[in-house]
Amino acid sequence: VVKLLWKPHADSSISTYIVERSVNGGEWKYVSQVQGQLMAEYIDTFVRSGDTYSYRIIAQSYDKIRAYPSQPTQIKI
């Protein structure tokens with residue numbers, strides 16, 4: 001299990017955080033959405049031992065405007 005925590009976006013127009021993941025340096029893929037500007041946590045239970053996972057977060061406004069992705073963070077299981 002991997003638990004991601006991030007600092008909530010300062011802009012009150014943010015409604016959703018999009019979580020993307022890359023496995024072993026592969027392409028970025030959508031994993032989940034977290035609703036609410038102050039919600040800043042995601043738990044990934046679909047991980048396997050021996051793989052390296054990178055995650056990034058994209059903040060999205062109520063108008064569906066997306067911010068640039070966060071800097072990726074990486075973990076080897």
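**Close-up 1. Ser22, a buried serine in strand 2 of this predicted model.** With a relative accessible area of 4%, Ser22 counts as buried, because the cut-off is under 20%. Its place in the fold is strand 2.

**Close-up 2. Ala10, out in a loop.** Here we're in the stretch between strand 1 (2-5) and strand 2 (14-23). Is Ala10 buried or exposed? Ala10 is exposed, at a relative accessible area of 78%. As for Thr45, it is 35 residues from Ala10 in sequence, and the two C-alpha atoms are 28 Å apart.

**Close-up 3. Trp6 and Tyr17, an edge-to-face pair.** The aromatic pairs come to 2 in number. In the Trp6–Tyr17 pair the ring centres are 5.5 Å apart and the planes meet at 65 degrees, so this one is edge-to-face. The pair ties together distant parts of the chain, 11 residues apart: Trp6 belongs to the loop between strand 1 and strand 2, while Tyr17 is in strand 2. Both residues, Trp6 and Tyr17, are buried.

**Close-up 4. Tyr53 and Tyr55, a stacked pair.** For these two rings, it's 6.5 Å from centre to centre, with 25 degrees between the planes. Tyr53 and Tyr55 are each buried.

Definitions and conventions. Residues numbered from 1 in each chain as written. Predicted model: local features only at pLDDT ≥ 70, side-chain atom pairs only at ≥ 80, totals over all residues. Heavy atoms only, no water. Helix = DSSP H or I, 4+ residues; strand = E, 2+ residues; numbered from the N terminus. Buried < 20%, exposed > 50% of the residue type's maximum accessible area, 1.4 Å probe, protein only. Phe/Tyr/Trp six-rings, centres within 6.5 Å; stacked < 30°, edge-to-face > 60°.
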